[in-house]
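Student: I would like a close look at a single part of this model, followed by its setting in the whole chain. Please keep the terms defined as you go.

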Amino acid sequence: MAERIYIATRKGLIILARGHDGRWRIVQTDFLGDAVTMVLPDARDGRVYAALRLGHFGPKLRRTRDGETWEECATPAFAPAATDTAEKPVSVDQIWSLETGGRNEARTLWAGTIPGALFYSRDGGDSWKLMESLWDRPERKEWFGGGYDQPGIHSICVDPRDARRVAVALSCGGVWVTEDAGTSWQPRAQAWHRRHAGHYA
């Protein structure tokens, strides 16, 4: 059972810990006044990652190795020439989801963003790459925001039995699954797929 709870809020990060009496208490607050959009404790090495949305300064990613001191690491970002489906320049608005790779992928991380892009890191957040095989899907033209102006990847699930199998869920664009670590992707939201399959035959 987890002995710590990380709560990401629009006004900072709150950390709760359970005492010997079984009660939960606030033991730490970080990034006061800043919007924290996602927190990821990595059970593989004990690091914790926090995604921030800093308004004028945009999204940022921080990590801690000791639970006390946060350091800045690389933030997922599009290449300068990247464009959206309307051929307009595109940039990451916020990091909406974070997930670790498999148990045998010691430093692999996944990040889902608004707009709906999937990024991956093989070095614990020191660098990130866009998963182009998903971003370049023609179906992306049909994705739209559900609460936000742009679509976003809000959930990432890595199969614990096979880290090559990853599922991501989009708001709003369905569920997409890769069986080969991102070489190819298939939609798994059957109603959506049946409705749009003819568009991409």
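Which residues does Thr 113 touch, not counting residues up to four places away in sequence?

Tutor: This is a predicted model, in which local features need pLDDT of at least 70 and side-chain atom pairs count only at pLDDT 80 or more, while totals for chains, interfaces and linings use all residues. Residues are numbered from 1 along each chain as its sequence is written, and side-chain values use heavy atoms, with hydrogens and water left out.

Thr 113 touches Val 92, Gln 94, Ile 95, Trp 96, Phe 119, Pro 151, Gly 152 and Ile 153, leaving aside residues up to four places away in sequence; contact means heavy atoms within 4.5 Å. The residue sits in strand E9 (residues 109-114). Strands (E, at least two residues) and helices (H or I, at least four) are DSSP runs, numbered from the N terminus. Thr 113 has a relative accessible area of 0% and is therefore buried; buried means under 20% relative accessible area, exposed over 50%, and partly exposed in between, with a 1.4 Å probe and protein chains only.

Pro 115 lies in the loop between E9 and strand E10 (117-121). Another cis peptide bond runs from Ser 171 to Cys 172, with omega near 0 degrees, and Cys 172 is in the loop between strand E13 (166-171) and strand E14 (174-178).

Phe 31, with phi near 60 degrees, is in the loop between strand E3 (24-30) and strand E4 (35-41); its relative accessibility is 16%, so Phe 31 counts as buried. Ala 181 has a phi of about 60 degrees and is placed in the loop between E14 and strand E15 (186-187). At 31% relative accessible area, Ala 181 is partly exposed.

The salt bridges come next. The structure holds 16 of them, a salt bridge being a side-chain nitrogen of Lys or Arg within 4 Å of a carboxyl oxygen of Asp or Glu. One of them pairs Glu 72 with Arg 62 at 3.8 Å, N to O. This pair links distant parts of the chain, with Glu 72 in strand E7 (residues 70-73) and Arg 62 in strand E6 (residues 59-64), ten residues apart. Arg 62 counts as buried because its relative accessibility is 17%. Arg 63 and Glu 71 also form a salt bridge, at 2.6 Å, N to O. Arg 63 is buried at 5% relative accessibility, whereas Glu 71 is partly exposed at 28%. Both belong to a network of salt bridges that links Arg 63, Arg 65, Glu 71, Arg 107 and Asp 126. In the loop between E6 and E7 lies Gly 67, which is partly exposed with a relative accessible area of 23%. Gly 67 and Gly 46 are 21 residues apart in sequence, and their C-alpha atoms are 8.6 Å apart in space.

As for the whole chain, the protein has two helices and 15 strands. Of its 201 residues, 42% count as buried. Among contacts between residues at least 6 apart in sequence, 38% join residues at least 24 apart. The C-alpha trace spans about 60 × 40 × 30 Å along its principal axes.
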